[in-house]
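Subject: Structure handover

Hello,

Here is the structure I said I would pass on.

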Amino acid sequence: MSNRKPLISGNWKMNLNHFEALKLVQQLSYEVTKDDVEAVDISVHPPFTDLRTVQTALESDRIPFALGAQHCHSEASGAFTGEVSPGMLAKLGVAYVIAGHSERREVFGETDELVNAKVKAILANGMTPILCVGETLDEREAGEAEAKVERQVAAGLAKVAAEQVAGLVVAYEPIWAIGTGRTASADDAQAMCAIVRATVARVAGDDAAATVRVQYGGSVKGENAAELMGQPDIDGALVGGASLEAESFARIIQYRLH
């Protein structure tokens with residue numbers, strides 16, 4: 001096991017209004033213990049409309065979760081109707097911002113270059129990016145998974161200072177396992193996360209690779225979290241559906257007990 005503290009992140013996607021979000025974060029705070037918080041870092045990533053409500057709850061109730069966002073624009077301001085700037089998120093106390101999630105890439109056409117611009121903008125505003133990478137089923141079956149992930153990591157971190165790379169998060173999410181119930185085997189997940197770390201070493205040096213946290217995402221559940229988290233290059237999980245229910249998300253956070 002490494003000395004990197006695991007980060008368990010709940011990506012709520014386009015789910016939960018602000019009343020439901022408040023209820024979930026309060027329920028989760030009852031499920032999670034002081035020992036859990038000492039063992040892992042926890043972030044929750046609500047939709048934009050819920051951020052202020054969740055921020056207020058975390059601060060007023062002193063709930064030890066980091067506030068996260070799912071997306072942001074790369075520019076500081078401007079005529080970008082419907083978008084949210086990284087500076088706006090920083091003012092709300094957001095700590096982590098997901099950049100380049102496969103749904104943003106696949107559904108909204110985000111390119112590697114745009115994702116790189118977002119990574120740099122998130123860092124410039126004092127927040128930590130969670131850079132997402134991963135391959136489709138067709139790419140995996142064609143033997144292209146490693147090359148795709150190497151390219152996405154290198155492009156996402158292009159012209160980012162090594163000391164900044166050292167503190168960020170890369171989430172490996174096989175697209176074929178997101179929301180499908182299929183999960184990469186622990187060995188497959190470890191192999192790909194090791195490729196992520198090796199690519200970070202090539203791009204930013206061995207010191208950065210030693211401290212960067214690599215999450216696995218893709219149908220993570222309480223039943224498989226311990227095996228995944230036991231791999232040497234997996235430092236956390238980016239959780240989708242299972243993070244929408246307090247008990248199931250808490251079980252993932254408490255993977256070390258199962």
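Predicted model: local features only at pLDDT ≥ 70, side-chain atom pairs only at ≥ 80, totals over all residues.

Residues are numbered from 1 along each chain as its sequence is written, and side-chain values use heavy atoms, with hydrogens and water left out.

Overall

The secondary structure comes to 13 helices and 8 strands. Helices (H or I, at least four residues) and strands (E, at least two) are DSSP runs, numbered from the N terminus. The C-alpha trace spans about 50 × 45 × 35 Å along its principal axes. For 258 residues, a compact globule would have a radius of gyration near 18 Å, and the 17 Å of this protein agrees with that. That radius is taken over C-alpha atoms, and the globule rule is 2.2 Å times the number of residues to the power 0.38.

Of the 258 residues, 54% count as buried, meaning under 20% relative accessible area; exposed is over 50%, and partly exposed lies in between (1.4 Å probe, protein chains only). The accessible surface comes to about 11,400 Å², and 51% of it belongs to carbon and sulfur atoms. Such areas come from the Shrake-Rupley method with a 1.4 Å probe, and for residues only the protein chains shown count as cover. Among contacts (heavy atoms within 4.5 Å) between residues at least 6 apart in sequence, 75% join residues at least 24 apart.

Strand 4

Strand 4 covers residues 96-99, and both of its faces are covered. Tyr96 and Ile98 on one side are buried, as are Val97 and Ala99 on the other. Two strands pair if DSSP finds at least two bridges between them. Strand 3 (residues 66-69) pairs with strand 4 in the parallel sense over 2 bridges, and Gly68 has Tyr96 as its bridge partner in strand 4. Strand 4 also pairs with strand 5 (residues 128-133), again in the parallel sense, over 4 bridges; there the partner of Ile98 is Ile130.

Strand 3, helix 4 (residues 86-91) and strand 4 make a right-handed β-α-β unit. Right-handed means that, with the strands pointing away from the viewer, the path from the first strand over the helix to the second runs clockwise.

Strand 7

Strand 7 (residues 213-217) is largely enclosed by the rest of the structure, because 5 of its 5 residues are buried. Arg213, Gln215 and Gly217 point one way, and Val214 and Tyr216 point the other way. Strand 6 (residues 169-172) runs parallel to strand 7 and is joined to it by 4 bridges, with Arg213 as the partner of Val169. Strand 8 (residues 236-239) is also parallel to strand 7, through 2 bridges, and the partner of Gly217 in strand 8 is Leu238. Between strand 7 and strand 8 the chain crosses through helix 12 (residues 222-229), and this β-α-β crossover is right-handed.

Cysteines

How many disulfides does a search of the whole structure find? It finds 0, where a disulfide is a pair of cysteine sulfur atoms within 2.5 Å. The cysteine sulfur closest to that of Cys72 is in Cys132, 12 Å away, which is too far for a bond. For Cys132 the closest cysteine sulfur is in Cys193, also at 12 Å and too far for a bond. Cys72 counts as buried because its relative accessibility is 1%, and Cys132 counts as buried at 1%.

Regards
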